[in-house]
Amino acid sequence: MSKVPIETDFIKLDSMLKFAGICQTGGAAKELVQTGMVKVNGQTCLERGKKLRHGDVVKLHGLTYEVEKL
C-alpha cells in the first residue's frame, strides 16, 4: 500500500490521482473515474471531485493508495 501525504484537510479524487503520479493529466484522471475503474473505500466511485480525507483508501489497477495527513 502506498501512502499519499496531504497537508490540507482533503484532496479531490482527480487531484489525488495526479499528485500520486497515477495519471499525467486531469483528463486521464477524469476518464479513469468515469469508466468505473477507481474504488474508494471499497466502493466504485464515479465522482472525480470526491473529497478524500485522512484514512481513505483508493484502489486502481490492483494497487492501493491511502491518504495520509501530514
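Which residues of α2 are buried? This is a predicted model, where local features need pLDDT of at least 70 and side-chain atom pairs count only at pLDDT 80 or more, while totals for chains, interfaces and linings use all residues. Residues are numbered from 1 along each chain as its sequence is written, and side-chain values use heavy atoms, with hydrogens and water left out.

View 1. A29, L32 and V33 are the buried residues of α2. Buried means under 20% relative accessible area, exposed over 50%, partly exposed in between (1.4 Å probe, protein chains only). Seen down the axis of α2, the buried residues fall within an arc of 95°, so they line one face of the helix. The arc is that of the directions from the helix axis to the C-beta atoms. E31 and Q34 are exposed, on the face turned away from the buried side. The buried residues pack against α1 and β6 (contact: heavy atoms within 4.5 Å).

View 2. T25 sits in the loop between α1 (13-19) and α2 (26-34). Helices (H or I, at least four residues) and strands (E, at least two) are DSSP runs, numbered from the N terminus. T25 is partly exposed, at 42% relative accessibility. Its side chain reaches the backbone nitrogen of A28 at 3.1 Å.

**View 3. The open sheet.** Five strands run in the order β1-β7-β6-β3-β4, with mixed pairing. Two strands pair if DSSP finds at least two bridges between them. β1 (2-6) and β4 (43-44) are the edge strands, each pairing on one side only. β6 (residues 57-60) and β7 (residues 63-69) pair in the antiparallel sense over 4 bridges. L63 in β7 is the bridge partner of L60.

Methods: A polar contact is a pair of N or O atoms within 3.5 Å; within protein, one must be able to donate a hydrogen and the other to accept it, and residues adjacent in sequence count only if both atoms are side-chain atoms.
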